[in-house]
Structure formats: structure tokens, C-alpha cells
Amino acid sequence: MFALVCFLIMLPMIFSVPLLYVGMLPHSRQQPALLSMSSALMVAIACWVVFGNDLAFGTNLLQADSFSALLNGLVQMDFYLYAIAMLIGTVVAFKHSRYFLVFVPVWTALVYCPLAHWLWADGGWLQQLGALDFSGGIVVHLTAGLTSLVLARALVRSQEAIAANDFRADYAATIMILVGWLGFNLAPVGSLNAQALQVLVKTLVAVMAAMAGWSWSVYRRTRQVSLGDLLNGVLCGLVTSTALVGYVGAGAMAVVAVVSGGLCQTAVVKMQQTKRYYDAVDSFAINAVGGLTGVVGLILVRLVTREDGVRFAGVELLAVFVAIILTVVGTVLAQAAAHVSETGLSRWLAHDRQRLDLRKEKNL
């Protein structure tokens, strides 16, 4: 029942991400973007049920009859869907829904499933080496953020004015994400026990510390802090917590989250200033930078507190390196496949439209 509750409270979190992201886009693109993100999530659900969980964890959800196997597959689906929601936000204002019909399945098969298997599945080679990733700092957030960076390179910054979003919608969406994230971080614990309550406390510590780090970084630069800065700090703290919340104490969690808040806010500013990348929803700056900061924080804590810290650092850095290479290569291939299919379909539709127009002219 514990895992089922985690699964259920994560679902509203996942579908709050599109609501939060579309507010960062020009008004004319918001409704089409919300449609495309919803379509991409539906495609992702189909991918996970049909082949994703089978590739990652060896259980076909369409054929499984074990309660524990089905429940584990559904919980893992939530982790996967959150990665999809974050990375799709980067390109959703520029791509038609049919783009995601190819990109999502290919990315799932080439990037997410292999890495999830290697780090989280029993027998995964990175797991056997001793690599750790409590609730997705590498598997979910580093991959999603790096994917956003690859996708952002092909985008041109919009010249449309971005109207101020309803701050109440942003606030409500962020609170839904915060509540759902408690299930996100609790799910790996497996049951309601002392560790679960410790994870809850440390998640909240990460949120408050990252808000402080983010706000201080903003204040030093602008001498004012907005509601949006506080909400971004919440997201940064949640992302940072995923790599290490189950492995370190509250004090270490606070230090890492404060640093992450400052780093992520700086990364957001740098990404907004560059002309080489356009990531409208700051997915790379928050997810990849936040997730990686959490991993580095875990390495440093282990170096100080454990005798095998040096060996662990090597294994964890290997996992990060593998994740980076796999994500970049897999995303480039998925992007190419989606572009080819989208271009081919567009040509076919244009040709079919011309044929129908010729028929009409002949009939006239």
C-alpha cells in the first residue's frame, strides 16, 4: 500500500509540470504547447507499458500478474514520466505532436531504459559496482536536463513577448509538484518507517536551503527577490535532493542544497544570456545542474565520512560519465529519427493535399 500511495500522489505532480512550463511561453503558444505536452505524456505511458518497464526491469506490464511486479512497474513509470515532462518542455513550443510520436519511444529505448536498468535494476552493472542514485539525480534529472541542452541547441529564441503568467497558477503547480515529490523521494524507501520520515524531513530541508541559496544569488545581482525566484528555489531543492537524500544527514543535505541553489540560479542567467541555446523552461539549468550538484555532494560526503570514499567517487563518476555519453548520443539519434519522420510525414501530407486539390480542379 505504501508504494501505491507514492504512485498516486506522484501523478498530479507529473501533470502539474506542463501547467508550470506553458506559463513560461508566449501566450499564443501556450494552448498548443499544453496539448503537445499532454500528447507526449500519453505516448510515454504507452511506451512504458508496452516495452519500457520490460527493457528496464524485465517485467512486461501487459503480461505480469504479480501484484508487487505491477506496482513496482507503475511507480517506476512515474519516475520515467517526470523525465519526459521536463525534457519535452524545452521543445514543446516548436514541435508538433507528431514529432513526439517518434522522439519519445526512441529516447526511451536508447537513453532512459538502459540507464535505469544499469543503476536501479537488480543485476545492473553500475549498481553492482556500487553506484548510488536514490531517487533519480542521475537517471531522471541529469538525463532530462542534458537532453534539454541537446534539444535547445537547435532552437531559435522566440521574439514574441512573454506575458506575465498568473502567479497563482505557478504557485499552485509548484505546491502540487512539492507534494508529489514527497512520494518521489519516499518510494525508494519501500515502507513507512523511520527512514521514510527522515527522508521527508531532509527533502524539506533541501527545499528551504535551495530557496535560500537561489534567493541570495538573485539578491546579490538585482537587490530584489520575486515569488518566481522562491518557486524556482523549491524546484531546485527538490531536484538536488534526489541523488543523496537517502544517504546523507540533514546538515550535509542543507549545505549541498544551498550551493545548488546558487549554482542553478547562475546557470539560468547564463543560459538566458547565450545565443547558442534556447531553453525556455530552464530544464538544463535546474535539472542537469541540480542533479549533478547532488551527485557531487554525495561524493564529497562519502569521501569525508567513509573509508571507501575514493573507490565510491570513482564508481559514481563513472556512472555520471556513462549517463552523459548515453544521453547525448541517444538524444541525437532520437532527434534525427523524429526529424526524418516529421519531415517525411509533412511531405506526404503536402503531396496528398496537392493530389486532392488536383482532383477538385478536375471535377470542376
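The sections below describe a predicted model.

## Nonpolar surface patch

A nonpolar patch on the surface is formed by Leu110, Trp125, Leu129, Leu318, Phe321, Ile324, Ile325, Val328, Val329, Val332 and Leu333. Together these residues have about 870 Å² of accessible area.

Helix 5 (125-129) and helix 12 (309-363) each supply at least two residues of the patch. The most comes from helix 12, with eight residues. Trp125 lies in helix 5; with a relative accessible area of 35%, Trp125 is partly exposed, because partly exposed covers values between under 20% (buried) and over 50% (exposed).

## Packing of helices 1 and 3

The axes of helix 1 (residues 2-22) and helix 3 (residues 67-91) come within 9 Å and cross at roughly 10 degrees. Helix 1 is therefore roughly parallel to helix 3, since angles under 35 degrees count as roughly parallel.

On helix 1, the residues making the contact include Phe7, Met10, Leu11, Ile14, Val17 and Tyr21. On helix 3, they include Leu71, Leu74, Val75, Asp78, Phe79, Tyr82 and Gly89.

## Positive phi in two loops

Arg223 lies in the loop between helix 8 (194-222) and helix 9 (227-241). Phi of Arg223 is near 65 degrees, a positive value in a residue other than glycine. Arg223 is exposed, with a relative accessible area of 56%.

Asp282 is found in the loop between helix 10 (250-273) and helix 11 (283-305). Although Asp282 is not a glycine, its phi is positive, at about 55 degrees. Asp282 has a relative accessible area of 11% and is therefore buried.

Note on methods
Residues numbered from 1 in each chain as written. Predicted model: local features only at pLDDT ≥ 70, side-chain atom pairs only at ≥ 80, totals over all residues. Heavy atoms only, no water. Patch = residues over 30% accessible without salt bridge, like charges linked within 9 Å, V, L, I, M, F, W, Y side chains within 5 Å. Areas by Shrake-Rupley, 256 points an atom, 1.4 Å probe, with all protein chains shown as cover. Salt bridge = Lys/Arg side-chain N within 4 Å of Asp/Glu carboxyl O. Helix = DSSP H or I, 4+ residues; strand = E, 2+ residues; numbered from the N terminus. Buried < 20%, exposed > 50% of the residue type's maximum accessible area, 1.4 Å probe, protein only. Axes fitted to C-alpha atoms, helices over the stretch in contact; angles between N-to-C directions. Parallel < 35°, antiparallel > 145°, perpendicular 65-115°, else oblique. Contact = heavy atoms within 4.5 Å.
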